[in-house]
Amino acid sequence: MSETILLRRIRLKNILSHENTEIHLPIGLIAFVGPNGAGKSSIIDAVVYALFVTPSAAKGYRGEGKRGLIRSGASEGVIEVEISIGGKTYLVQRYVSVNRPDVAFIYEITSDGNKKVIATGVQNVVSIIEKLLSIPSTEAVRFSIISRQNELTRFIEETEAKRKEIVLKLLGLDELEKAKELFTREVLKDIEKAKDNYEDKKRLLFESYKKLESIKSNINLLNEKARKLEEAFSQLNREVETFEKAKDALMRFEKIKKARDLMIEISRYHSLESVCKKIASIELGKLISQLEIYKNSKKELDGIIKQLNEYKSRLDNLRQQASGILQVTIEESDAEKLISIIEDRLSELKELLQLKKAEMDLSEKSLQAIKTSSICPVCRRPLDEELKKILLSDAHDRIESSKRLIKEYIATESKLQELLNSMKSLHETIIRYGMKYELLNQQMKKALEEYNNSKQIIDKIIDEVKDSNELQECIELNDFSSVKTLQCLQRKCIEYLNMLSDRAAQLQKILSELGIESEVVIKEFNALQHTLSNLGIDTEKASFEELEKRYRESIKRFQMVRDELNRIKGKLEELEKSRTDLEKQVSELETEVKSLEKDAMIFNALDVLANNILGKDGLIAKVLTKEARRLMEMYTNNILNEFGMDFRISIDNEFNIEVQGPLGRIDLRGLSGGESIALAIALRLALAYTVFGRLPGFLMLDEPTQFLDEERRRILFDVIKKLSQRIPQVIVVTHDRDVIEIADHIFYVNKEGGRSFVREKSIIQKEILEI
């Protein structure tokens, strides 16, 4: 269902017990309420008949056919159903007559209220409705969005085989089996013979193509090979002539080239002579000694720094101890100032101690005087026993307090004195190490300065020879101390000076053999190089021995190429004859295959269609069935969850429905009445999802509470109320007046004098008020 569908209006004229009934249907939960036989279900039956009943199905509709559909005493009737699909409004009119076939129209109502005819005729109208609703057949409606009387739980009550049959039919898969049967075996046999003949001829043609392609490929390869051999033949002939002219020139050129290379090498060594003298003048031992002094001093200096840091840390620890003893924060970190602070505190402490001892001595004397006298030593008044007791107690307390403080002062004095001694000792050590640090630092700086002076000389030499390939090996050492670099440079210089002497002797010997002076070597080298270049000889790679060898190989290749060329020409003549014969055969086969190709193509299409795609076991049926089961499972469980049910279902290949509750598997027949109803509605909506492609816009339930006890009716109405929150339009036909409590809109259906009347609740209330 590509668009939301809503029922907008229903009009019944002389249909069943309705003489002239018109109902406008709003959105929401709609209830048609009335006693049994009032004509409620007639409304549902009329809608189904107008929209979905074909001429062939009309004969047995409601068990009586058209005669039972028309109101008693009338010969014809009209059903009008106005529906909205995706914002567009359509009007379906179905004229029912006892004496003639039904007539049907479907209109599109335009925005200006005019009617535009879309189709006429019952079968055409039903087909248009199926197309608008995107359903394979009208049977889909019966098991999804419209539940007629006593059919609500029909789907779950069917056997597995019947359920599968229903779903396949709703999906339109039964039509696939019919289509397969249209292709008879006789037709396929005739086309199969043509196909076999076509395949034989095509295979023969394919083999001929391959053979012809192979022959053409061989001809092209042999022609290309012959062309290359002819080029090689000409090239070899020229090479022989060139080799003969070049042998004498090349023999002398090799000696001249050797002399030139020696001169270049000697010149390069001469350029290093002055630098090597400077390198030799540097005292390597002195440089190493300076570096060692620097390294040793730095190592010892690092140890002193580490020791000084440790002593300073210990000094800071003593400072913190002093803060703790004095119970004050001492921020001073300078050792001398810290010692001065503690000495001052010790002096203050000694004064306090002397003062406290004097106070105690005075208190002891007062105590003794009070004990031995009957007059107060201070105020000189007589002492009675009570006053004497008070004075003795007070003197005793002062003595004890003085003793306690004296003891504390002595302990604090001892600790501070011990800390002071430790600080002084540590301070002297720090001073001693500081002096040693300064001495070593000066020694290290001096060694570093001397080393840097030497290194500057070495760096200057290195900068002079950094572009020299001969000394590059030493430059690339990247030695920080330059010691290894200098050692390498001195060794290389000795080697190059020895090589200079050796190369000079070799050059003199070659010049004597050639009978020339060194001044004309370059001139004769260039002349011979030009001559050999004109002959096609690469002087950088060629040698006399190699040239002689290549000359002999060229003669040998010349003979081989000539023999191979003659053989290939004979083979080409044979292949050209075979190609001509095969091309004629291919042309005849192509004509024959083309005439058979049409029948073979038709067979392939029909064979695949009949045996693999169509039919109840074909690819289409398998894919759709599998997808239908998946969608039904998913949608049913989603809806059950929204209904607040605590069980879920699964559907196997045979459409057996298995129920899983919180405690495990539940037999389908073991569900309670309310659970069965919830499952039945969920399955209907799932079928609608699966067949139409989305949730329907409306759902019609005819007498869903029939044969249900009070508890089951209550559960059903709860489900219907939840359902109305998901579906725009839910229509319930029932005699149960409890539905009034949950419905958004109520239509009362009553029969008076054999005629059914439908009144909306709001209209009835208005009429009552007017009365």
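**From the first hairpin to the central strands**

Arg9 has His24 as its bridge partner in β2. The two strands involved are β1 (residues 5–15) and β2 (residues 18–24), which pair in the antiparallel sense over 6 bridges; strands count as paired if DSSP finds at least two bridges between them. Together β1 and β2 form a hairpin with 2 residues between them, and Leu16 in the turn has a positive phi of about 55°. Helices (H or I, at least four residues) and strands (E, at least two) are DSSP runs, numbered from the N terminus.

The model is predicted, so local features need pLDDT of at least 70 and side-chain atom pairs count only at pLDDT 80 or more, while totals for chains, interfaces and linings use all residues. Residues are numbered from 1 along each chain as its sequence is written, and side-chain values use heavy atoms, with hydrogens and water left out.

Strand β13 (residues 729–734) is largely enclosed by the rest of the structure, because 6 of its 6 residues are buried. Buried here means under 20% relative accessible area, exposed means over 50%, and partly exposed lies in between (1.4 Å probe, protein chains only). In a regular strand the side chains alternate between the two faces of the sheet. In β13, Gln729, Ile731 and Val733 point one way and Val730, Val732 and Thr734 the other way, and all are buried.

β13 has parallel pairings with β3 and with β12. Strand β3 (residues 28–33) pairs with β13 in the parallel sense over 6 bridges, and Leu29 has Val730 as its bridge partner in β13. Strand β12 (residues 698–702) also runs parallel to β13, joined to it by 5 bridges, and the bridge partner of Phe698 in β13 is Gln729. From β12 the chain passes through helix α20 (residues 710–724) to reach β13, and this β-α-β crossover is right-handed; that is, with the strands pointing away from the viewer, the path from the first strand over the helix to the second runs clockwise.

Thr734 is part of β13 and is buried, with a relative accessible area of 0%. Leaving aside residues up to four places away in sequence, Thr734 touches Phe32, Val33, Gly34, Lys40, Glu703, Thr705 and Val739, where contact means heavy atoms within 4.5 Å.

The helices can be followed next. Helix α12 (residues 335–372) has 38 residues and reaches 56 Å from its first C-alpha to its last, close to the 56 Å expected at 1.5 Å a residue; the expected span is 1.5 Å times one less than the number of residues. Among the buried residues of α12 are Ala335, Leu338, Ile342, Leu349, Lys356, Ser363 and Ile370. The cover over the buried residues of α12 includes α11 (284–326) and α13 (385–465).

Tyr451 lies in α13 and is buried, with a relative accessible area of 3%. The C-alpha atoms of Tyr451 and Glu292 are separated by 9.9 Å, although these residues are 159 residues apart along the chain.

Helix α15 (residues 483–514) has 32 residues, which should span 46 Å at 1.5 Å a residue; its end C-alpha atoms are 47 Å apart, which agrees. Gly515 follows α15 and has a positive phi, near 75°.

Aromatic rings give a further set of links. The structure holds 5 aromatic pairs: rings of Phe, Tyr and Trp (its six-membered ring) pair if their centres lie within 6.5 Å, with planes under 30 degrees apart counted as stacked, over 60 as edge-to-face and the rest as tilted. One of these pairs is Tyr95 with Phe105, which is edge-to-face at 6.2 Å centre to centre and 85° between the planes. Tyr95 lies in strand β5 (residues 88–97) and Phe105 in strand β6 (residues 103–109), so the pair ties together parts that are 10 residues apart in sequence. Tyr95 is partly exposed, with a relative accessible area of 32%, and Phe105 is also partly exposed, at 24%.

The rings of Phe253 and Phe525 are stacked, because their centres are 5.1 Å apart and their planes are at 25°. Phe253 lies in helix α9 (residues 185–271) and Phe525 in helix α16 (residues 521–534), so this pair ties together parts that are 272 residues apart in sequence. Arg260 lies over the face of Phe525, at 4.1 Å from the ring centre; a charge sits over a ring if NZ of Lys or CZ of Arg is within 6 Å of the ring centre and within 35 degrees of the ring normal.
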